[in-house]
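User: Could you walk me through this model and tell me what the labels on it rest on?

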Amino acid sequence: MFKKKSQQQKKGNIFSIFEFWPNEIFYTPIVFYWILKTLQSRKSMTALLANPRIETGGLCGESKSSILNMAGDWALKEIAPYVVMKNNQHTFSRLNFQLQEKNITFPIVIKPDIGSNGIGVKKITSQEQLKQVLNLFPFGITLIAQKLIDFPLEAGIFFIRYPTKKYGKITSITYKEEPMIIGDGKSSILELAQKNKRIAKLFTLYWPYIKPKAHQILQLGEIHTLVFAGNHRRGSIFWNGTADLTPALEQKINKILQDIPEFYFGRIDLKAKSKTDLFKGQNFKIIEINGVGSEATHIWDRQTKLLTAYRDQFSHYDAAFKIGKLLKKQTWMQSSLLQLIKAWKKHQKLISSYPRND
């Protein structure tokens with residue numbers, strides 16, 4: 001538990017006023033901001049060029065594995081081991097062969113290669129469970145199987161580097177917490193959930209995760225995690241850790257991302273052994289690297305004010321447009337509006353076919 005969390009609970013802040021606003025409401029000002037920046041850029045959506053080797057710059061429809069595959073040997077050492085395969089009737093046997101080749105053992109994580117917000121991410125602990133989960137995905141879907149990193153600290157680190165600069169800056173650090181229930185030796189998971197202020201207030205959101213083991217009694221001190229993967233709308237909790245930035249961490253992230261060609265803008269999701277290790281830039285593994293479509297998730301800290309959230313969003317996307325403008329001068333070709341629409345439609349169609357995340 002974070003110290004900051006207890007301070008916020010004393011203030012009675014269970015979630016921010018805008019944390020669960022519908023996307024159509026919260027993101028409308030951001031859409032208008034993108035339109036304004038596009039008009040200012042002579043009707044050119046240069047932000048899509050911020051990562052020129054990634055489809056749409058990573059705004060939508062991009063392959064997660066294609067970004068990881070760009071990593072050089074040095075950066076690859078910092079990424080959790082993974083394999084990629086297309087789901088079909090032979091996937092189970094072929095995947096097991098690939099896992100053995102990469103020396104990846106259970107537990108693992110299965111997730112769609114194209115996706116967002118943790119949709120379809122599943123934790124796998126056995127061969128039988130793997131077979132069951134593969135059957136939940138339609139044939140033809142490309143999946144990633146990645147070694148589960150069981151480090152306790154999960155963080156999202158936003159990074160921006162201008163093409164004219166050798167080194168970039170970390171502009172946001174967010175700690176992600178999985179909602180959990182701690183047993184008292186006599187109460188069921190359902191009863192414990194009803195006693196938790198946040199879970200009780202958002203009971204409809206958490207109920208699908210509570211229901212399978214609702215009447216199970218947890219031992220004293222036993223921890224039961226409700227949500228394994230997902231964004232704030234799927235129950236995860238975010239804390240702003242930007243003030244914890246250290247030169248050692250920024251130097252390490254720069255070294256990693258310099259080994260990924262033309263990556264200038266996005267969020268790195270990782271897991272670390274501890275905060276101390278993270279501050280020293282050591283003992284962590286990268287889970288995902290996200291492009292222009294990612295956001296600085298510290299805005300979902302329950303203490304963040306609405307105007308501050310928009311200010312930080314606008315500031316980050318302004319940087320994406322500036323980076324794209326610089327790269328356009330280097331003759332990089334950006335995605336067209338038609339390509340963007342096709343990518344968005346593909347993205348939406350795919351995520352609608354995925355199973356619920358764990």
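Analyst: Here are some questions and answers about confidence, sheets and helix packing. This is a predicted model, in which local features need pLDDT of at least 70 and side-chain atom pairs count only at pLDDT 80 or more, while totals for chains, interfaces and linings use all residues. Residues are numbered from 1 along each chain as its sequence is written, and side-chain values use heavy atoms, with hydrogens and water left out.

User: What is the mean pLDDT of the protein, and where does pLDDT stay under 50?

Analyst: pLDDT is the predictor's confidence in each residue, from 0 to 100. The protein averages 93, with 97% of its residues at 70 or more. Residues 1–11 stay under 50, and the model has 18 contacts (heavy atoms within 4.5 Å) for them beyond four places in sequence. Where pLDDT is low, the predicted coordinates should not be read in detail.

User: Why are α6 and α7 called oblique to each other?

Analyst: Helices are DSSP runs of H or I with at least four residues, strands are runs of E with at least two, and both are numbered from the N terminus. Axes are lines fitted to C-alpha atoms, for helices over the stretch in contact, and angles run from 0 to 180 degrees between N-to-C directions. Under 35 degrees counts as roughly parallel, over 145 as roughly antiparallel, 65 to 115 as roughly perpendicular, and the rest as oblique. α6 (residues 91–101) and α7 (residues 127–134) cross at roughly 130°, their axes coming within 10 Å, and are therefore oblique.

User: What makes up the contact of α6 with α7?

Analyst: From α6 come Thr91, Phe92, Leu95 and Asn96, meeting Gln127, Leu130, Lys131 and Leu134 of α7. By class that is four nonpolar, three polar and one charged. Here Ala, Val, Leu, Ile, Met, Phe, Trp, Tyr, Cys and Pro are nonpolar, Asp, Glu, Lys and Arg are charged, and the others, Gly among them, are polar.

User: And why do α3 and α13 get the label roughly parallel?

Analyst: α3 (residues 28–40) and α13 have axes that come within 11 Å and cross at roughly 30°. That value falls in the roughly parallel class, therefore the label. Their contact includes Tyr33 and Trp34 of α3 along with Phe314 and Tyr317 of α13. Its residues split into eight nonpolar, two polar and two charged.

User: How do you know that β10 and β11 pair?

Analyst: Two strands pair if DSSP finds at least two bridges between them. β10 (residues 265–272) and β11 have six, running antiparallel. For example, alanine 272 sits opposite phenylalanine 284 in β11.

User: Why are β9 and β11 at the edges of their sheet?

Analyst: The open antiparallel sheet has five strands, ordered β9-β6-β5-β10-β11. β9 (237–240) and β11 (284–290) each have a single partner strand, so one side of each lacks a neighbour in the sheet. The strand-to-strand twist averages 30°. Helix α13 (residues 306–328) packs on this sheet, touching β5 (153–160), β6 (169–177) and β10.

User: What order do the strands take in the four-strand sheet?

Analyst: Its order is β1-β4-β2-β3, open and antiparallel. β1 (82–86) and β3 (122–124) are the edge strands: each has a single partner strand, so one side of each has no neighbour in the sheet. β2 (residues 108–112) and β4 (residues 142–147) pair in the antiparallel sense over five bridges, and valine 109 has glutamine 146 in β4 as its bridge partner. α6 lies across β1, β2 and β4.
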